[in-house]
Amino acid sequence: MSELSGISEELGELDGQISDIFRALSNGFQKLEKIKESNRQSRQLEELTDKMRECKRLIKEFDHEVKDLESRNDPSTNKMLHEKKQSMIKELNSYVALKKQYATNLETKRVDLFEGPNEGIGEENVLLASSMTNQQLIDHGNRTMDETDQAIERGKKIVKETIDVGTETAAALKAQTEQMSRIVNELDSIHFSIKRASKLVKEIGRQVATDRCIMAMLFIIVLGVIAIIIVKLVHPNNKDIRDIPGLAPPAPARKLLWHPN
């Protein structure tokens, strides 16, 4: 059981879950060092990344709970919880850096260098300079220059279009990344609110059950008092029934001192 359970059951549970994930990450990276195949390394990195995402979510919940209890705890307890949170963040960041290092090494291994085959220069339809007149050489040079200029312009246009597409794609990816980050934060807040609501519902249920028990006991006591009163009224001379405090005993039967003849 976590040492934080004495402060809050929720903190103790979160601390235990985070510690379990840290142990799993440590064992996972030790296992990753022994894997030689790139595909298996990639799958192992994906599993470790999912665990780190889960750990980040739990640390956020831990921070929410610490802030919720901050007004109830003394300064030394708040300082200890803050240091505990910073220690969790530092340990998670160390695993994130280790994951980036392995991912970079894995990407380097997958780089393939492609070399195109040497292409021979075709000699068909080649006009020899010796067989061409000066005008033919000038015309041929002009046509070649025009074709080269057109090719350069097409290349510039393609490059410009590629840059524009890349800029738009980068902006769209940035916007989607920010949106996903906001969604994740909102989901974490919703999850935390649901857990808090569940705890409040359980506490209200326990209070309602306690109130019902008290009402039932009071009802039984009232029934008992009513029964005793009824019995005292029906059998006023029964000495086995004790008088009820605050209730006057029944008046004795009045006897007439004079009897008519």
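A nonpolar core, as used on this tour, is a set of buried Ala, Val, Leu, Ile, Met, Phe, Trp, Tyr and Cys residues joined through side-chain atoms within 4.5 Å. Buried means under 20% relative accessible area, exposed over 50%, and partly exposed in between (1.4 Å probe, protein chains only).

Before you click: this is a predicted model, where local features need pLDDT of at least 70, side-chain atom pairs count only at pLDDT 80 or more, and totals for chains, interfaces and linings use all residues. Residues are numbered from 1 along each chain as its sequence is written, and side-chain values use heavy atoms, with hydrogens and water left out.

**Stop 1: the core.** Select Leu11, Ile18, Phe22, Leu25, Cys55 and Phe62. Out of the 23 residues in the largest nonpolar core, these touch the most other members. Now colour helices H1 (9-34), H2 (38-69) and H3 (75-109): each supplies at least two residues of this core. Helices here are DSSP runs (H or I, at least four residues), numbered from the N terminus. H2 gives the most, with nine residues.

**Stop 2: Cys55.** Show what surrounds Cys55. Skipping neighbours within four places in sequence, Cys55 is in contact with Ile18, Ile21, Phe22 and Leu92; contact means heavy atoms within 4.5 Å.

**Stop 3: the rings.** The structure holds three aromatic pairs. Rings of Phe, Tyr and Trp (its six-membered ring) pair if their centres lie within 6.5 Å; planes under 30 degrees apart count as stacked, over 60 as edge-to-face and the rest as tilted. Pick Phe22 and Tyr95: the ring centres are 6.1 Å apart and the planes sit at 25 degrees, so the pair is stacked. Phe22 is in helix H1 and Tyr95 in helix H3, so the pair ties together parts that are 73 residues apart in sequence. Phe22 counts as buried at 7% relative accessibility, and Tyr95 counts as buried at 12%.

**Stop 4: helix H4.** Jump to H4, residues 134-234, and find Ile183 there. Is Ile183 buried, partly exposed or exposed? Ile183 is partly exposed, with a relative accessible area of 34%. Then select Asp188, also found in helix H4. Asp188 counts as buried, at 8% relative accessibility.
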